[in-house]
Amino acid sequence: MNGVALCAGVGGLELGLRLAIGETYRTVCYVERDAFAASALVARMEDKVLDSAPVWDDITTFSGESWRGCVDLITAGFPCQPVSTAGRRRGTADARWLWPHVARIVREIRPEWVFLENVRGLLNANGGAAFAEVLGGLADAGYDAEWGLLSAAQATAPHRRER
């Protein structure tokens, strides 16, 4: 199973998938624009913790078309700042709202699976319009979305952090 990691951060989703699925999962490309996070990805690749793969530095210019037919899963932890209750909650009006690029790449690659991660605030940002945009984008691309709210405490972490 091959995956592309959009808004990859430091590779937490990919590490979790590798732990859950095992050696049958391989990340073939990371997309991350934050220099610190990208350097952490490279360090984790050098340490053999994450799969070695190219790191693309701008989701707005990344084209998924060459990956069609090669990728089974897209993961995306697209930025939460636009919808977080800790911020201004500009949602879809925030320049950091990258969902349209994630949706475009999902349509270009057309993987069997899409796994998204975000904060609880996505559910009601812009009066629910941000979440509706995500669910609608997935439906328009032919996906049947299932979603849930999980806390870090459910995985025995000492804090709540709902996602």
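This is a predicted model: local features need pLDDT of at least 70, side-chain atom pairs count only at pLDDT 80 or more; totals for chains, interfaces and linings use all residues.

Student: OK, so what's the relative accessible area of R110?

Tutor: R110 has 42%, so it counts as partly exposed. R110 sits in the loop between α3 and β5, and its phi is positive, near 55°, though the residue is not glycine.

Student: And where is C7, and is it buried or exposed?

Tutor: C7 is in the loop between β1 and α1 (12-21). C7 is buried, because its relative accessibility is 14%. C7 also has a positive phi, of about 50°, without being a glycine.

Student: Switching to the sheet: what's the strand order?

Tutor: β3-β2-β1-β4-β5, an open sheet of 5 strands with parallel pairing. Edge strands are β3 (55-56) and β5 (113-116), each pairing on one side only. Strands here are DSSP runs of E with at least two residues, helices are runs of H or I with at least four, and both are numbered from the N terminus. Two strands pair if DSSP finds at least two bridges between them.

Student: How many bridges between β1 and β2?

Tutor: 5 bridges, in the parallel sense, joining β1 (residues 2-6) and β2 (residues 26-31). As for burial, 5 of the 6 residues of β2 are buried.

Student: Which helix residues are buried in α3, then?

Tutor: W99, V102, A103, R104, I105, V106, E108 and I109. That's 8 of the 11 residues, so α3 is largely enclosed by the rest of the structure. The cover over those buried residues includes β1, β4, β5 and α4 (129-140), with contact meaning heavy atoms within 4.5 Å.

Student: Now α2: how many residues does it have, and how far does it reach?

Tutor: Helix α2 (residues 35-46) has 12 residues and reaches 16 Å from first C-alpha to last, close to the 16 Å expected at 1.5 Å a residue. The expected span is 1.5 Å times one less than the number of residues.

Student: Which of its residues are buried?

Tutor: In α2, A37, A38, A40, L41 and M45 are buried. They cover an arc of only 155° around the axis, which puts them on the same side of α2. The arc is that of the directions from the helix axis to the C-beta atoms. What covers these buried residues includes β2 and β3.

Student: What about the other side of α2, which residues are exposed there?

Tutor: A35, F36 and E46 are exposed on that other side.

Student: And what happens at the start of α2, and what follows it?

Tutor: At the start, a side-chain oxygen of D34 reaches to within 3.3 Å of the backbone nitrogen of F36. After α2 comes K48, with a positive phi near 70°.

Key. Residues are numbered from 1 along each chain as its sequence is written. Side-chain values use heavy atoms; hydrogens and water are left out. Buried means under 20% relative accessible area, exposed over 50%, partly exposed in between (1.4 Å probe, protein chains only). A polar contact is a pair of N or O atoms within 3.5 Å; within protein, one must be able to donate a hydrogen and the other to accept it, and residues adjacent in sequence count only if both atoms are side-chain atoms.
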